[in-house]
Amino acid sequence: METPPRPTPPAPAGRTNLWLGGVTLLFVALAAMFAKNLWGHVEPQKPLPLVDKKFLDTTPWRKTYADLVKAKEDLSDYDCYGCHEKGKPPPIRFDDKHKIIIPKEHSNIVMGHGSHDRNDHCWNCHNEQTLVTLQARAGQDVKFDNIPALCGSCHGPTYRDWEAGAHGRISGYWDRKRGAAERLSCANCHNPHAPRIGGREPAPGPHPLRDPHPAPATAQPAH
Amino acid sequence: MPLPSPTPDKTSDAAMTRRSFLRGTAAVGGLTALAASLSPLRELDEFTNTEQFLQKYYKELTPDEMARVLKRIEGEVEKQYGVRPHVRDLKPMDGVEFVYCLNLTRCIGCRKCVHACVAENNQSRSPEIQYIRVLRLPHGSLDIEKAEHNYDAKQVPEPGFFYMPVQCQQCKNPPCVKVCPVNATWQEKDGITVIDYDWCIGCRYCEAACPYWARRFNFAKPQIPKDRVNPNMAYLGNRPRKQGVMEKCHFCIQRTRAGRYPACLEVCPVGARKFGNILDPESEVSFILKTKRVFIQLKEEMGTSPRFFYYFDK
């Protein structure tokens, strides 16, 4: 800052200049501190934990016979005549409550089809004459890789929805001109022996709003 | 800056008048304040970009200009996130109007859609931005006031509750578009309400106008780990946003305008989510709207006419 030339300043002016210089220095220092961001420096937020990649998985829950054939995987579970004799229906035993007794060779099977497990007989779906096929409600032979035809013979409305794309999972292209839509089969989600799907672990909720003391169901949503 | 000569002073302090002292102080103080007030700009290094600053309105960009813009965005994303993306400007298709249907009988509230959406659309992980909010409602009520979205169960579905995911409803009569003072958000002919993140000024009017809490604001610079960046990007879709702009669900433009299903639909383990072209009578959504008990457009009384329908199976 220039000031017009003046005669040698008397003593009080020296004091003022000293003050002015001091204030200027103070401001320069402040500016430098601002520029260096010495205070008001925001601590970077600790990154939130990332969601487990298992929640991003789109693969179906189960593999059907058709999937196993496609992936050339072990089909020994479907090799019925490895143990059973051809043309001779295996006997089925019941306990005194008319519950089917699962033989230990098939101990992985949980019988739980229908309300009160009413669909509880092997030959309701399996074909006792040819164990490598299934049989639909009206007795038609159904191959293991054509499960919807079997399920649809009882579950008509669900089959209708599935055919229209309204029931079950779908992926790929909604625009069929550009690509195929990938449909899942009934057994990709449902276990035919116990089709009801159980509970799942939910993915984590919204983090910044997560309340350690969950509000009762009647509380207002936080937003 | 030479100061004009102060008026001759009769007092003894001729060299330094009160006026010149105040002037000097004010000048230095003012400069300091200016420096201080501009200091946050140093953190905006990635935004001080004349090309972006001078960019034209989206609808006025010629194809050549758009190509340059996409190239610039690809460079910026690579610099910031370390991943070379493929950014496209996908236009709406003729004869296509998107509709979403969600089956409340099937939804189990697992929140997989929330996180698939975050992964697909490059939302900020920290601070967290999510487009989908899964509401838990007690059976026998559709009163949103009773909804809870912070439920933390070991297993879902919990007995006595059902779940209703809410995201942008892609309204036919969108209040968010009406309030935008700069036309940075608009409805395209396929029904998707889009946001131009380069045009948004961050006033958050749209957030206030939306009755579905569907819009999100980037209060801080979005953080996305390098290995979680989705490189398949669209200009009006999932390209990374910057601090100070709005974002929301756009029906995965980068997927749906290329003919594919949205990410939230593909990850849904129970097939509760259905998406398609309502103008195609053979599509799943046409079938659902014709045959199912479609019970609401959420907050129907608002007159927003959502393209997002909730329905029951049984």
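This is a predicted model: local features need pLDDT of at least 70, side-chain atom pairs count only at pLDDT 80 or more; totals for chains, interfaces and linings use all residues.
User: OK, chain A. How many helices and strands?
Analyst: Chain A has 5 helices and 4 strands. Helices (H or I, at least four residues) and strands (E, at least two) are DSSP runs, numbered from the N terminus. Along the sequence the pattern reads α-α-β-β-α-α-β-β-α.

User: And chain B?
Analyst: Chain B has 9 helices and 12 strands.

User: Let's zoom in. Why is strand β2 of chain B largely enclosed?
Analyst: 6 of the 6 residues of β2(B), residues 98–103, are buried, so the strand is largely enclosed by the rest of the structure.

User: Which way do its side chains point?
Analyst: B:Phe98, B:Tyr100 and B:Leu102 point one way from β2(B). B:Val99, B:Cys101 and B:Asn103 point the other way.

User: Which strands pair with β2(B)?
Analyst: Strand β10 of chain B (residues 273–277) runs antiparallel to β2(B), joined by 5 bridges. Strand β12 of chain B (residues 308–312) pairs with β2(B) in the parallel sense over 4 bridges. Two strands pair if DSSP finds at least two bridges between them. B:Leu102 has B:Arg273 as its bridge partner in β10(B). B:Tyr100 has B:Phe308 in β12(B).

User: What about B:Glu97, buried or exposed?
Analyst: B:Glu97 is buried, with a relative accessible area of 15%. B:Glu97 sits in the loop between β1 (86–88) and β2 of chain B. Its side chain makes a polar contact with the side chain of B:Arg307 (2.7 Å). A polar contact is a pair of N or O atoms within 3.5 Å; within protein, one must be able to donate a hydrogen and the other to accept it, and residues adjacent in sequence count only if both atoms are side-chain atoms.

User: New topic. How many salt bridges are there over all chains?
Analyst: The structure holds 28. A salt bridge is a side-chain nitrogen of Lys or Arg within 4 Å of a carboxyl oxygen of Asp or Glu.

User: Which parts of chain B does the pair B:Asp196 and B:Arg239 tie together?
Analyst: Their side chains meet in a salt bridge (3.6 Å, N to O). B:Asp196 lies in the loop between β6 (193–195) and α6 (205–209) of chain B, and B:Arg239 in the loop between β8 (232–234) and β9 (246–247) of chain B, so the pair ties together parts that are 43 residues apart in sequence. B:Asp196 is buried at 0% relative accessible area, and B:Arg239 is buried at 4%.

User: Now the interface. How many residues does each chain bring to the contact?
Analyst: Chain B brings 79 residues and chain A brings 71. Contact means heavy atoms within 4.5 Å.

User: What area is buried there?
Analyst: About 6,400 Å² is buried between chain B and chain A, with carbon and sulfur atoms giving 59%. Buried area is the accessible area (1.4 Å probe) that two parts lose on being put together, summed over both.

User: How many salt bridges are there between chain B and chain A?
Analyst: The count is 2. B:Glu284 forms a salt bridge with A:Arg176, with the closest N and O atoms 3.4 Å apart.

User: Which helix gives the most to the side of chain B that touches chain A?
Analyst: That is α1(B), with 7 residues.

Note on methods:
Residues are numbered from 1 along each chain as its sequence is written. Chains are lettered from A and ligands numbered from 1 in the order in which they are written. Side-chain values use heavy atoms; hydrogens and water are left out. Buried means under 20% relative accessible area, exposed over 50%, partly exposed in between (1.4 Å probe, protein chains only).
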